[in-house]
Amino acid sequence: MIRRTVNFPSLRKLLLRPSYLSSSKIGAYNGYASQPSPLPIPDPTYSDDDEYANVDWDSLGFGLMPTDFMYVTKCSAGQNFGHGQLNRYGNIELSPSAGVLNYGQGLFEGTKAYRKENGQLLLFRPEENAIRMKIGAERMCMTAPSIDQFVDALKQTALANKRWVPPPGKGSLYLRPLLLGSGPVLGLAPAPEYTFLIYASPVRNYFKEGSAPLNLYVEEDFDRASQRGTGSVKTISNYAPVLMAQNRAKSRGFSDVLYLDSNSKKNLEEVSSCNIFIAKGKTISTPAISGTILSGITRKSVIEIGSDLGYQVEERVVAVDELTEADEVFCTGTAVGVAPVGSITYQNKRVDYKTGSGTICQELCKTILGIQTGSIEDKKGWIVEFD
Ligand SMILES: *Cc1c(COP(=O)(O)O)cnc(C)c1O
């Protein structure tokens, strides 16, 4: 049974009250970088009191489903972000000379809010996303929100869109924080103004395979990251360059691309948007963080859970040749969770892996998902509960 929480409808009601909307908190957002959407127009298809949006929760994938509100705040370079506000979800306005549009000065993050049976919402290690954005912002010469503001903004965004958080067991509300160089530049330089924004979309399975095993293709013609580059940063500029390799792999029937290190092409790095692990016997190995690999929060958590469960966990150089010997391979990331890999194709040779019941991958997946959804007790202080 799902208990109706009092905060959610009252927050929504407050936000939708015309007097509130015309007050200085919402609606008086001025500036060229980002404008609020027009005043909310009541959506005739739902009542503000509805506990759930009108969604077929059983057919969720990982596509964008716009929700009611997005969090927006901005600041001048080097200043602190002001209190953000929840605007209606909608287009933002940017100068054509915005740093993000011209020079790719932007970062993204991703985390998920789960709904518990009692109606409370859960976030998983959100301060880790905040820290990663701060570190990334330094590398990209951007101004970042504080850890507290970042986490508070995630909570506000999730609560304001609570009716879009799927029922327990049906998925989660994916939260997508963005940090954008929104101020105008012409010559190459950091933007003079930054926008911090969070939008949300209900999601379930990332890959079209659902929870079926992935078939990966080892890419040798393209690199994802280079030594001393930005591979370890969740900058938007790392992702369009991998689309071509991803498209090519998908057109050949593969699920995604597995990248090797750009120097020797002998060692595993990661998949387009998730980290990789191999398992052999009781040992789990994953490529060590070296500056070219994105330091996933799921990766870090799986390393800890794996050793708690009695496995030997190694962060080290993992040679591509080890793929032929591994019992299991799996991917980790917020979007994919802990996803089994059924096969990897390298230099025209396909190697198949153990998947399904009794695998280490499944044990890790169940454990981390249990913690994230509140069905397994969190003994590590990883969960933030709120309503
Ligand atoms: C986001 C991302 C990951 C996974 O990070 P999580 O914090 O676990 O979601 C891994 N690799 C790349 C390239 C990513 O962008």
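**Strands, a listed lysine and a ligand shell**

Strand β8 (residues 214-219) and strand β9 (residues 256-260) run parallel and are joined by 4 bridges. Strands here are DSSP runs of E with at least two residues, helices are runs of H or I with at least four, and both are numbered from the N terminus. Two strands count as paired if DSSP finds at least two bridges between them. Within this pair, L216 has D256 in β9 as its bridge partner.

The model is a predicted one, in which local features need pLDDT of at least 70, side-chain atom pairs count only at pLDDT 80 or more, and totals for chains, interfaces and linings use all residues. Residue numbers start from 1 along each chain as its sequence is written.

Between the two strands comes a helix: β8, α6 (residues 243-251) and β9 make up a right-handed β-α-β unit. Right-handed means that, with the strands pointing away from the viewer, the path from the first strand over the helix to the second runs clockwise.

β8 also pairs with strand β15 (residues 337-346), in the parallel sense and over 4 bridges. Here L214 stands opposite V341 in β15. From β15 the sheet can be followed to strand β16 (residues 349-352), which is antiparallel to β15 and joined to it by 4 bridges. Y346 stands opposite K349 in β16. The two strands form a hairpin with 2 residues between them, and Q347 in the turn has a positive phi of about 50°.

The loop between β8 and α6 holds K234. UniProt, in an unreviewed entry, lists K234 for "modified residue: N6-(pyridoxal phosphate)lysine"; such positions are given in the numbering used here, feature names are shortened, and annotations may be inferred rather than shown by experiment. K234 counts as buried because it has 24 C-beta neighbours inside 10 Å. The cut-off for buried is 20 or more other C-beta atoms within 10 Å of the residue's own, with C-beta atoms placed from the backbone; 12 or fewer is exposed, and in between is partly exposed. Apart from neighbours within four places in sequence, K234 is in contact (C-beta atoms within 7 Å) with L107, F108, E109, R132, G136 and L294.

L294 is also among the closest of the 14 residues that surround the ligand, along with G296, I297, T298 and T334. By class, the shell has 3 nonpolar, 8 polar and 3 charged residues. Ala, Val, Leu, Ile, Met, Phe, Trp, Tyr, Cys and Pro count as nonpolar, Asp, Glu, Lys and Arg as charged, and the others, including Gly, as polar.

Conventions. Near = placed C-beta within 6 Å. Contact = placed C-beta atoms within 7 Å.
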